[in-house]
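This report covers a multi-chain model, its helices and some of their contacts. The sequence and structure come first.

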Amino acid sequence: MIAGAVHTALFYLLACAAIALALAVTGAQRLLRAAVCLMGVLAMSAGLYVLLGAEFLAGIQVLVYVGGIVVLIVFTIMLTRSADLLEDKPSFPRRLMAVAASVLFLLMTAGIFLTTDFRANPGALPPANEVLSIGRSLLDAGAEGFVLPFEVVSLLLLAAVLGSIVVARKTPPPDQPFTSGGDRPGEVRPDPTLSQNEAPDGGAR
Amino acid sequence: MNPLGFALRNAWLVPAIPFFSFILVGLFLRPWSKKAAGVAATLAIFASAFVACWVAWEYFRLYPPGGAHPPLVPWGIEWLRYRTGLSVSMGVLVDPISVLLMVVVTTVSALVHLYSIGYMRGDEGYGRFFTFLNLFTFSMLGLVAAPNILQMYVFWELVGVSSFLLIGFYYSKPSAVAASKKAFIVTRFADAGFFIGILILAYYGYMAFGQLGGAVAAKVAGRSATALQPFDFLYLADPAVLGKLAALGPALLGIPLLTLAMVLVFMGAAGKSAMFPLHIWLPDAMEGPTPVSALIHAATMVVAGVYLVARLLPAFVAGGSALLVVACVGAFTCLFAAVIGITQDDIKRVLAFSTLSQIGYMMLALGVVSAAHPLGYTAGMFHLFTHAFFKALLFLGAGAMIHAVHSNEIWDMGGLARKMPITHACFLVATLAIAGIWPFAGFFSKDEILAAALGGGHAGIFAVSLAVAGLTAFYMFRIYFVSFWGRPRSERAEHAREAPAVMWLPLAALALLSLVSGFVPMGEYVSLGDAPERGGVDFAIAIPASLVALAGIGLAWFFYGGPAGRAQRAAEALGAVYRVVKRKFYVDEVYLFVTKNVVFRCVARPIAWFDRHAVDGGVNLSARTTRGLGAALRRLQTGQVQAYCVWYVAGILFVLLVLWAARM
Amino acid sequence: MIRFLASHPPGMTHWLLLSAALFSIGLYGLLSRRNAVGILMSVELMLNSAALNFVVFNRFVQPGRMDGQVMAIFVIAVAAAAVVVGMAIFVALFRHRATVDVNRAADLKH
């Protein structure tokens, strides 16, 4: 009984915290603050996963989401000087529109959730070894296995990494026009791999 | 139909030859060689004239003079078919008056063509002139030969177009352009009435066709190449049909329907024949070249109205007061035009008013026809016949004089008798003819008209006709004395020379015709009903008429043949009256006033406003709305991704809503 | 109090409403944020709520299998890929435009 009460109390606690932090993520004017609040939301989510019995997932959440993604976001904020460049204050009509859309969406979804019978059977038991089960699913090549998505996701990650390198590198591809300069915003540095841009050293090498 | 000779069977050649000539000359010969165009056009009309005379000869051999002359339709094709019992055909009607007119039209046209070869020499539009003349001849012949009222209407309009083209021949002259527009608009306005009249006749004729058509068809069986239709003259002139139409009840203001229809038809005739008050276009139409005036506005087109009335005379007779309207309008125009003609100085204007007056004679002759006294029909047609010749001669002669003196004013001429002897002789013949002096043609035809008026018991009309005979003699001899007698009044008149042969040959031919055509016993050829009109001279009428004419000549000699100045003093003595008459009783000014202040201001301007703002505005509004909508929609394309996201979300919500509602 | 809390555990509906709320908040952020990085953070919020949703369904409808959790793992992976690429784009955009203000990058404007 205590466990049940704690479970319920934790749920409401984590839920309210998550919602509050989420509001901060979307409403904060200073981006670093928003990033930290995002970290908070994700942490609360991890907690909620634990409440749902998905401990492994909670761990993954903290490792990947919080530890990887949010950190990446913070890096980007730094790189794009967004922390001190501008204050994110959307105009009133924009905010109104956004509120309207999201509230309507919420109402819609809530309506669907409240009126649908999901045939829940909460009494059923989870499998004994959760992590083994997940692992098995991921590598299951049968009809209900996830090996194909698993492989595709790995490909996706590879593509994402390569793509981001290509997009974000400082030197443009060889066929683009050059301007002099370095890595100030708006400038491009000449490609040192091309002969015309080599530092003159007399050619006697 | 077997005893029909070659010409009768191929009577369609009479209008067809000018038509093919028109195409040939207009499209092919004109760009190639002007001279060839002129010669070809003239030869074509001479050929057509030859065929017309042949048709006349064959027709009167088939139905000898003195007997009945039923109308024939030796050639026809079905043109428009509305339904089995209602169709319009194109064909050629051969009966005494159509044959008469075919001969007149082709002969005068041929002579005018010949004359124009000399008159229009050196003109820029030489080829164009002959093309239009051919077109006109074709249209007029089509009108004359029409067996049904719709074909006549089609060619009526075509004649109007040809007239428009020819009046406005010198298209760089604003006055000519204005005159051609005036002619076309006035006649078009009259034709509106004409068409309504046609519709009424056709409608009620069609209603009665089921009942009476069979009987009428049986009567005319064998005489028509196409089946009888409600539009045919053979049908509309039938007594049974007319009786039925006359019995139809009152239409507007208590006027019987047939009378109304015939008055409307007469409106068309009045427009084309320039009866008061639709006469305003004819004096202005003198802006066209003189051969055009001779052919169209003297001899042929303007008599189309007379021809129409003659063609539908049985219907007019059945229509009661319609005929009275014809007679009154004719008589009034006759007097009105003669009075104005006395004061004009432009020779062509005088001749134009003279034409108005003479057509008035023809109309009143037709107007005094009644069942008991049908002489007017013959008289009107006879006068049409003779008038064509001497009026054409007068115009062509005037053309020669104008050509020599380079001015239209009679006061610039003078002494031309010595300088232009042939023209002088021919002109004198024509003037004597129009004045009605024996033995020239006008004497006989005018005499018959007077006899018809008196015989029908119309004393007032008779008096008017007699008076006008005197006036005619007076003003015609006024021109004669001023132009040909005395001393040359201007530099050019001094140096006037006779016209070239190609111009005086037609004059001589017409002079001969003006002399002999009076001796044709018209009554035996053309008469209403089957019995001929006995010819001969009625001395009780001839003597007063001749005396009046001689008095007119004498008065003209007094004022214009003697020492100068008498006319001047007389004109001054009459003062204001003279001025009013000289300004043609200000009829043109009245028309202009009404047109500007009533038609333009009250009718045309609101309509133009409506057209510009409502109609155009409506179209512009639709364009503006579309553009506005487009601009508004454009603003959706903000380039802001988040705005697009909002729409995206809205779309999702909408779809969810639909699915949810469907599930509910 | 404890009895009350124990006898009213959060049912499936509560969990689902929570994830709906988180998603809506994320949507709000997506539509109103001016900074591109801010938008990306909102997107992360939405993805997170989707993953939560999967796990909720797994737990309440079919706890015998791990399908929901596996899907949640995939969501996380995809979110990571998305963030990586997005950040690269923002950095490149910043280099060319000296700004990551979404309002200023309106090249699709008519």
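## Chain C

From the N terminus on, chain C runs α-α-α-α, with four helices and zero strands. Helices (H or I, at least four residues) and strands (E, at least two) are DSSP runs, numbered from the N terminus. Of the 110 residues in chain C, 56% are buried; a buried residue has 20 or more other C-beta atoms within 10 Å of its own, an exposed one 12 or fewer, and a partly exposed one falls in between, with C-beta atoms placed from the backbone. Among the contacts in chain C with a separation of 6 or more, 46% involve residues 24 or more positions apart. Two residues are in contact if their C-beta atoms, placed from the backbone, lie within 7 Å.

## Basis and confidence

This is a predicted model, in which local features need pLDDT of at least 70 and side-chain atom pairs count only at pLDDT 80 or more, while totals for chains, interfaces and linings use all residues. Residues are numbered from 1 along each chain as its sequence is written, and chains are lettered from A and ligands numbered from 1 in the order in which they are written.

The predictor gives the complex an ipTM of 0.89 and a pTM of 0.69. Chain C has a mean pLDDT of 87, with 94% of its residues at 70 or more; pLDDT is the predictor's confidence in each residue, from 0 to 100. Within chain C, the mean pLDDT by element is lowest for α1(C), at 75, and highest for α2(C), at 94. Where pLDDT is low, the predicted coordinates should not be read in detail.

## Chain A

Chain A has seven helices and zero strands, in the pattern α-α-α-α-α-α-α along the sequence. Buried residues account for 24% of its 205 residues. Of the contacts in chain A between residues at least 6 apart in sequence, 36% join residues at least 24 apart.

## Contact of chains A and C

Chain C contributes 68 residues to the contact and chain A 83 residues. On the side of chain C that touches chain A, the elements giving two or more residues are α1 (2–7), α2, α3 (36–61) and α4 (67–97) of chain C. The most come from α4(C), with 23 residues. This side of chain C divides into 49 nonpolar, 13 polar and six charged residues. Ala, Val, Leu, Ile, Met, Phe, Trp, Tyr, Cys and Pro count as nonpolar, Asp, Glu, Lys and Arg as charged, and the others, Gly among them, as polar.

One helix pair across this contact is α1 (residues 2–27) of chain A and α2 (residues 12–32) of chain C, whose axes come within 9 Å and cross at roughly 10 degrees. α1(A) and α2(C) are therefore roughly parallel to each other, the term for angles under 35 degrees. Residues of α1(A) including A:A15, A:I19 and A:A22 meet residues of α2(C), among them C:L18, C:L22 and C:I25. The residues of this helix contact comprise eleven nonpolar, three polar and no charged.

## Chain B

Helix α29 (residues 641–663) of chain B has 23 residues, which at 1.5 Å a residue should span 33 Å; its end C-alpha atoms are 33 Å apart, so the two agree. The buried residues of α29(B) are B:Q642, B:V646 and B:V649. Their cover includes α5 (92–115) of chain A together with α2 of chain C.

B:I461 is found in helix α21 (residues 459–484) of chain B and is buried, with 25 other C-beta atoms within 10 Å. Not counting residues up to four places away in sequence, B:I461 touches B:A327, B:A331, B:L364, B:V368 and B:A453.

Notes:
Axes are lines fitted to C-alpha atoms, for helices over the stretch in contact, and angles run from 0 to 180 degrees between N-to-C directions. Angles under 35 degrees count as roughly parallel, over 145 as roughly antiparallel, 65 to 115 as roughly perpendicular and the rest as oblique. The expected span of a helix is 1.5 Å times one less than its number of residues.
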